[in-house]
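Here is a friendly briefing on one protein structure. Please take a look at the sequence and the model before reading on.

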Amino acid sequence: MAIERALGTGIIISSRKPIPQRVEQRIRDFIEEYESVLSRFRADSLVSHMARAEHGGEFEFPTWAQPLFALYSEFYAATHGAFDACIGADLLALGYNNSVRFIPQSKAGAGKNENSSSDSWSDYRRALPVTWADISQGGGSTTLCTNQPVQLDFGAAGKGYFVDLVTQIIKEELGEELPADFDFLVNAGGDMRACFSKENSQIKVALENPFDTTKAVGVASIASGALCASSSARRRWKVKDANGFESNLIATHLINALDGIPACDLCASWAYIPAKNCDFPTAYADAIASALFVSQESDLQKIVQNVGAEFAVMLPNHALRKTCAFPAHFFAE
């Protein structure tokens with residue numbers, strides 16, 4: 001089952017047996033609902049209404065959004081504010097909107113840290129007027145209260161969270177009908193969750209080379225659980241100057257909310273969490289893969305331990321660092 005352009009990336013659900021049409025329709029309906037609430041690229045979405053509210057207000061979100069808000073609060077606190085849903089203002093200031101044109105990672109520049117010089121960003125003035133801590137929550141944590149326009153962006157964990165909710169839909173809809181050997185994989189642009197009927201079942205996943213996206217740097221073997229990745233290789237664009245001309249600055253979607261500047265200490269990250277460890281393994285794996293770019297690993301230690309996450313990162317000099325039990329073989333090893 002494939003749904004093109006959903007969540008800006010497309011979704012593929014692979015299963016051992018066909019997914020019933022009624023389940024497919026519910027998933028398609030939920031995609032529409034999810035985007036109508038959280039997509040900052042849709043003018044009619046709830047977060048877009050928040051961005052246009054001159055004096056703010058009270059914005060009621062669906063009950064399914066509460067765990068996502070809780071996750072953002074957890075990561076905001078752990079990273080001392082570097083991981084923040086209010087980063088949408090910075091992304092817009094850097095030009096990441098519906099019209100942005102992405103540029104590929106240059107093979108000639110592979111291994112070169114394009115934004116390593118702080119001087120290149122010395123004239124940049126960030127745009128973040130509100131932080132996640134400034135937004136109060138009420139109504140059972142599903143109501144966000146603001147006093148000015150707020151541009152939210154849930155891209156750091158929202159896709160992974162969506163994968164978890166779709167997984168729940170499939171299990172709920174099939175219920176007792178779920179065949180004993182029904183295995184499936186939900187893949188949203190590389191954020192994926194595998195569900196196997198047998199404990200020892202695994203699937204092999206190629207890990208993309210951030211310096212050459214036509215190749216892999218390794219292969220992960222994952223059991224029932226979530227595998228997510230973040231990379232600066234794909235969503236990259238040239239920042240325009242005050243006069244609207246393209247500068248030499250290369251921005252990515254991986255923004256540190258503390259200074260509004262694209263993170264450049266890593267080139268790729270991967271996180272794996274077994275499904276049995278928490279209710280939303282893909283959301284946490286997605287968030288950890290993103291947070292590794294903008295914070296210290298020590299800041300994430302408590303979260304990593306609580307959800308039993310394993311992870312790996314690749315640096316601009318191609319060096320690799322990983323936890324002992326990260327389930328992958330890297331070709332450079």
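## A cluster of rings

Ring pairs link Phe61, Phe69, Tyr72, Phe75, Phe83, Trp132, Phe154 and Tyr284 into a cluster. Here, rings of Phe, Tyr and Trp (its six-membered ring) pair if their centres lie within 6.5 Å; planes under 30 degrees apart count as stacked, over 60 as edge-to-face and the rest as tilted. Please keep in mind that this is a predicted model, in which local features need pLDDT of at least 70, side-chain atom pairs count only at pLDDT 80 or more, and totals for chains, interfaces and linings use all residues. Residues are numbered from 1 along each chain as its sequence is written, and side-chain values use heavy atoms, with hydrogens and water left out.

**The protein as a whole**

- The secondary structure comes to 7 helices and 18 strands; helices (H or I, at least four residues) and strands (E, at least two) are DSSP runs, numbered from the N terminus.
- The protein has 333 residues, and 51% of them count as buried. Buried means under 20% relative accessible area, exposed over 50%, and partly exposed in between (1.4 Å probe, protein chains only).
- Among contacts between residues at least 6 apart in sequence, 68% join residues at least 24 apart; contact means heavy atoms within 4.5 Å.

**Aromatic pairs**

- A pair of aromatic rings is described by the distance of the centres and the angle of the planes.
- The count for this protein comes to 18 aromatic pairs.

**How helices pack**

- For the angles below, axes are lines fitted to C-alpha atoms, for helices over the stretch in contact, and angles run from 0 to 180 degrees between N-to-C directions.
- The axes of helix 1 and helix 5 come within 10 Å and cross at roughly 150°. That makes helix 1 roughly antiparallel to helix 5; angles under 35 degrees count as roughly parallel, over 145 as roughly antiparallel, 65 to 115 as roughly perpendicular and the rest as oblique.
- The crossing of helix 1 and helix 5 is right-handed. A crossing is left-handed if the near helix is turned anticlockwise from the far one by less than a right angle, and right-handed if clockwise.
- Residues making the contact include Phe30 and Tyr34 of helix 1 and Tyr161 and Phe162 of helix 5.
- The axes of helix 5 and helix 6 (residues 281–294) come within 7 Å and cross at roughly 165°, which makes helix 5 roughly antiparallel to helix 6. This crossing is right-handed.
- Helix 3 and helix 6 pack at an angle of about 30°, with axes 11 Å apart, which makes helix 3 roughly parallel to helix 6.
- Helix 3 contributes Leu71, Glu74 and Phe75 to that contact, and helix 6 contributes Ala283, Tyr284, Ala287, Ile288 and Ala291.

**Two threonines**

- Threonine 167 is found in helix 5 (residues 158–174) and is buried, with a relative accessible area of 1%.
- What does the side chain of threonine 167 reach? The backbone oxygen of valine 163 is there, at 2.9 Å.
- Leaving aside neighbours within four places in sequence, threonine 167 is in contact with Phe184, Val186, Arg193 and Cys195.
- Threonine 79 lies in the loop between helix 3 and helix 4 (88–93) and is buried, with a relative accessible area of 2%.
- A polar atom of the threonine 79 side chain lies 2.7 Å from the backbone oxygen of phenylalanine 75.

**A serine in helix 1**

- Serine 36 has its place in helix 1 and counts as partly exposed, at 24% relative accessibility.
- Serine 36 and serine 48 are 12 residues apart in sequence and 9.3 Å apart in space, C-alpha to C-alpha.

Conventions
Polar contact = N/O pair within 3.5 Å; in protein donor to acceptor, adjacent residues only side chain to side chain.
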